[in-house]
Amino acid sequence: MKKNKVDIDIKQSIKNIDAYTHVRGESIYVDDVNVREGTLFSVVFDSPKAHGKIKSIDYSKAEKLQGVERIFTYKDILGENQIGGILPDEPLFAENEVHFWGQPIALIVAESEFIARQARRLITIEIEELAVITTCKEAKEKDNFINAPRSFNLGNTEKAFGDCDYIFEGETFSNGQEHLYLETQGAYTEPLENGNIKITTSTQGPTQVQKTVAKVLGLAMHKIEVDVTRLGGGFGGKEDQATPWAVMAALATFHLNQSVKLILNRHDDLRMTGKRHPYESTYKIGLSKDLKILAYEAEFLQNSGAACDLSPAIAERTLFHATNSYFVKNVKTTVLSCKTNLPPNTAFRGFGGPQGMFVIESAIAKAANEIGVSASEIQEVNLLKENDEFSYGQTATQVEAGNSWYSAKSSFNFDSLKQDVKDFNNSTSAFKKGIALMPITFGISFTNTPMNHARALVHIYQDGSVGISTAAVEMGQGVNTKMLQVAAQVFSIDNSKVKIETTNTTRVANTSPSAASSTADLNGKAVLKACNALLERLKDVASKELNTNKKQIKIKDEIVYMNNEQTNLTWTELITITMLKRIALTENAHYVTPIIQFDKTKEKGHPFAYHVYGTAIITTTVDCTRGTYSFDSIKIVHDYGKSMSKGIDLGQVEGALAQGIGWMTMEEIAYGKDGKLLSNALSTYKVPDLFSIAKTIDVVPLETEGNDMAILKSKAVGEPPLMYGIGAYFAIQNAIKAFNPNYNFKFHAPMTPEKVLMSLYEK
Amino acid sequence: MIEFILNNKTIKTSNNAGMTLLDFVRYEQRLTGTKIGCREGDCGACTVLVGTLSQDNTIDYQSITSCLSPLGNAHGKHIVTIEGTNLPKELTVAQSALKENHASQCGFCTPGFVVSLTGFALSENELNSENALNSISGNICRCTGYKSIEKAVDEICNKLGSVNSRKSLQTLIDNEFIPQYFSEIPERLKQLKVKNNAQTGITYVSGGTDLYVQKADSLIENNVNLITNNNALKGIKIEGNTCIIGAGKTVSDIWNHKELNTFFPKLRTHLKLVSSEQIRNMASIGGNFVNASPIGDMTIFFLALNSNISIINQNKNERTLLLNEFYKSYKTFDLKDDELIKDILFELPSKHTKFNFEKVSKRTHLDIASVNSAISFSLEDETIQNAHVAIGGVAAIPKYLFETSAFLNGKGLNTQLILDSNEILQNEIYPISDVRGSSDYKRLLARQLFFAHFIELFPEQFKLTDFVQ
């Protein structure tokens, strides 16, 4: 597709429905809610050590401080002191031991946050320190794991290595990543009558919050209402880890019968919450003379942190994406979730997939360098094809790996880009360029099959306006806009007639979190189903009203058509008639993803509804004097299917790309040996800013048919593009190699300016 | 009593002058469009505009991060939050451009961007996309990847380009950049007739950009002694060859100073590496000196100019010393409790003077350096004189390299001299490993930046490969 056409499409496509209030500062986030009179404010008291036994805590001075209402600890919990989702291994408040620096111990509730903060400084704690583990290697040596290892295997690697002309082994490290949602974690809880509690919070998983609050408070779930308007960014960081703060505030409300607000300040948020999992991995790759990867083995050590959180599910996705866009006949991959004394690491866009892909891309880069070919040659001959088998048993269909790869190479003239880099490097000594290709293949669905369901509640009000409730949580990804589009399209009414309601557990219950890139698919399909049911009902009414057959009826632009001819019956009138006829104008639909299944005992199945594909070409320039780098261009061919919201989807690609590059370059989480977070502020943890973005980013949609399992054939787009960023690492590395032939390839992300400079001058 | 105009409303408040402007607008005034992202000036979600009445009755608007700004500094000003930029119903040009270009996703950072860009529209900065982008250099967005924001910025620039005169508030009002009430603000501010508030606090606070990061709670609690509006600390004077800069002058004041830009043609290139526009609008030079960070950008800059500082005490007694004699050990310097830095004095560059500033940090902009360095010397007949080399991040204090500087003096400029000087430099520094880099890295970077000075200053004469194999 021509670039101009793409730009026009994007400009004209639907805008985020929240954009008007966003740009005017009128959108409401948790901390903006108009609170009730007498609301109390709170601050979490957390562990100042990474591991140890609590010998004593003295709250007396803090409790005596004027304005302090009460300090809550595990002793105030009437239900279970347990917030673990997958495994029950994480207390809300530490009891006798602490397992990570920043682990919550108590909640200080006071008349103001300022007073609560002052009170926190008055608490003294005595901890008998125990050995601290911060790396996977240490955890593995000590046999410290969250759960049993998992392995995905295909063919026989041992035998296949015997047939290989080249075999390479190595190790890789990819660091964690802070979500840095601009809005920190927070909750506001209000007492309702009969001991019921309403929670307004910033979570991707309202049901998870409801369930956990009920469990900790010892109440039935129906006593807890969770309401979410929107999130100021989530990125996975509010899937599981938004829960404890809501539970703490609810606990205080429960005891005090007062509204309570708990908003983490940035430092508390950085210190107390988990991040993307760091991985320490080893690989062995075997290739034939013609560069076919015949065998691939990898052992992934996942730094899970001090509790399970979502680690096993994330580990599983690492295995699902261990071979990225390549077909490898013989695969043996194992992942171990290592228990350490870091805050429990958690979901982050890509959910373990990026960590797996980084390893095979490293293995390919290593092999290419040793053999003396460019990595793209190895990548190209191994691309996934139709009917190839993934290591988890699913057969690849509607494969776009090759399509996206070759389109990227031809639309962006890869050969000439490559030549330009070569020419530049030959003529310049103080700057070097590097280029890398990065293909991606990402599976769409919750890999835990039972989570792939959603419901939508659609009301048509008697004036013809529509209200829609789903489980989808709006966090900037534009899911509400897509829900609105589905309804407006089915009913053929103006967008202004549709309102997307807050995500509320009393309207849509038992929901899966907004995650796995699947929110628009699952909830959109439910909206589609509900709207279609209503439409059928309305057509019934119209056909009777117009004395015709239902098949002759169509609604277009709020007018009823009969035999494709406009009638006098409008949408609004039709709704009035339906209402008078006492026919329901409300529908509740339930959608489950068909086909998918996975047998964990065999580690085989068909876990994904479909896959998303794409290829990026990344070009970088390294300043060999200073060790800094910039990105000249990033050119992407991306498989959107039939994008229903081009501007929103492009925003997802560009945003995910920036995060992926951030993860691979400047975003460096640092913990001390004692488990203390050193990158504990925005002055020490840097995410991409305006000036660090590539000078040009071209994203060209791949013309495909889309997939029926995707909402209106518009494929999921939230996570996959993040992994284009992995190419940044290899582009920089290629530039380093051009300057310093002695440079020994290392796979230790992120590639910070420090690593670049040290590599440029490595002997 | 603190008096100012907040958006379209006149405020008289007895709130503590040390509370942050952010808390005041959000929690006292319920203007929740201004967001809290980090409370350390590193994200820009809390950006507001400060309008100052100038002598010609126009108003200069600058963007600042309200999280680091004491409420007391709003005294006598026009403060504009996102709500204050809104038209009754339509979107302003900046708002509309962001919306139409899909430049707002979760929306949490968006008000900050809108305010910064509105500030750009109101400013007298030359209209080009570089200046427009600089105006949002302190705004972090975690969702969009910025490309859509860049497109919006282009659109805003185009619209501004078609406006005849940005100097007239009415033109900007007519073209929907700002709401109508702005036109009355100059007169209203004049009518406010504010008196300087008596400052009784113990802690001197200038821009607040470091103090509010370090100890906001203690500043909120205790009285502060605000010196931003102290005219004795203002002014940039050029007397003969000497330039005298008031310690209260901000980095932006230097950025905007026409003559200084002539004397230092690459001034803006250098200063762009210093924090963000919002912070440059607040941060004072004197504040940077007394913060005494071993990595202070402006300190390194002025050390290499061999600056003097004049210090004044409460009895108005003045003394002068070289900046390179000011620092004693980590965060310890030659200043008594009742003293303030008043002026920075340095010789302006002559036609023989060479000056360069280098900085490398994990992120090029809005970041603290791993190592920064500045150099000045004069070169006549291929001989170096008056060499002054300063380097940050490699010692407990912002380091003036006495030995390296002395070694360079009187010598002919050539590759070997630079290589030899680096050997001396390496013996003068003692970097430690921390979150900004390992000591080995900083040592290597110090060498590279030292080489970089000469490569930058004499691109025809030196190239990187002359210094490294």
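Domain bounds here come from an automatic or database domain assignment. For chain B, that assignment gives domain 1 (1-198) and domain 2 (231-467). The structure is a predicted model, in which local features need pLDDT of at least 70 and side-chain atom pairs count only at pLDDT 80 or more, while totals for chains, interfaces and linings use all residues. Residues are numbered from 1 along each chain as its sequence is written, and chains are lettered from A and ligands numbered from 1 in the order in which they are written.

Within chain B, the C-alpha centres of domain 1 and domain 2 lie 32 Å apart. Contact between two residues is taken to mean that their C-beta atoms, placed from the backbone, lie within 7 Å. On this basis, 14 residues of domain 1 of chain B are in contact with 10 residues of domain 2 of chain B. Strand E4 (59-65) and helix H5 (129-135) of chain B are the elements that give two or more residues to the domain 1 side; helices (H or I, at least four residues) and strands (E, at least two) are DSSP runs, numbered from the N terminus. The largest share of that side, 4 residues, comes from E4(B). By class, the domain 1 side that touches domain 2 in chain B has 2 nonpolar, 11 polar and 1 charged residues. In this classification, Ala, Val, Leu, Ile, Met, Phe, Trp, Tyr, Cys and Pro count as nonpolar, Asp, Glu, Lys and Arg as charged, and the others, Gly among them, as polar.

We can turn next to the meeting of the two chains. The contact takes 64 residues from chain B and 65 residues from chain A. On the side of chain B that touches chain A, at least two residues each are supplied by several helices, including H3 (93-100), H4 (110-122), H6 (147-161) and H18 (439-457) of chain B. H18(B) gives the most to this side, with 7 residues. The side of chain B that touches chain A has 30 nonpolar, 21 polar and 13 charged residues.

H3(B) is mostly covered, with 6 of its 8 residues buried; a residue is buried if 20 or more other C-beta atoms lie within 10 Å of its own, exposed if 12 or fewer, and partly exposed in between, with C-beta atoms placed from the backbone. The buried residues of H3(B) are B:Val93, B:Ala94, B:Gln95, B:Ala97, B:Leu98 and B:Lys99. Their cover includes helix H2 (19-23) of chain A together with H4 and H6 of chain B. Just after H3(B), B:His102 takes a positive phi of about 60°.

Chain A is divided into domain 1 (30-131 + 179-272), domain 2 (279-447 + 604-760) and domain 3 (453-592). The C-alpha centres of domain 2 and domain 3 of chain A lie 39 Å apart. In chain A, 18 residues of domain 2 are in contact with 15 residues of domain 3, and the domain 2 side has 13 nonpolar, 4 polar and 1 charged residues.

Now for helix packing in chain A. Two packed helices are described by the angle between their axes and the distance between the axes. Axes are lines fitted to C-alpha atoms, for helices over the stretch in contact, and angles run from 0 to 180 degrees between N-to-C directions. Helix H15 (residues 479-491) and helix H16 (residues 519-545) of chain A pack at an angle of about 25°, with their axes 9 Å apart. That makes H15(A) roughly parallel to H16(A); angles under 35 degrees count as roughly parallel, over 145 as roughly antiparallel, 65 to 115 as roughly perpendicular and the rest as oblique. The crossing of H15(A) and H16(A) is right-handed, where a crossing is left-handed if the near helix is turned anticlockwise from the far one by less than a right angle, and right-handed if clockwise. Residues making this contact include A:Met483 and A:Val486 of H15(A) and A:Val527 and A:Leu528 of H16(A).

H16(A) also packs with helix H17 (residues 571-580) of chain A, at an angle of about 95° and with axes 10 Å apart. H16(A) and H17(A) are therefore roughly perpendicular to each other. The residues of the contact of H16(A) with H17(A) divide into 5 nonpolar, 1 polar and 1 charged.
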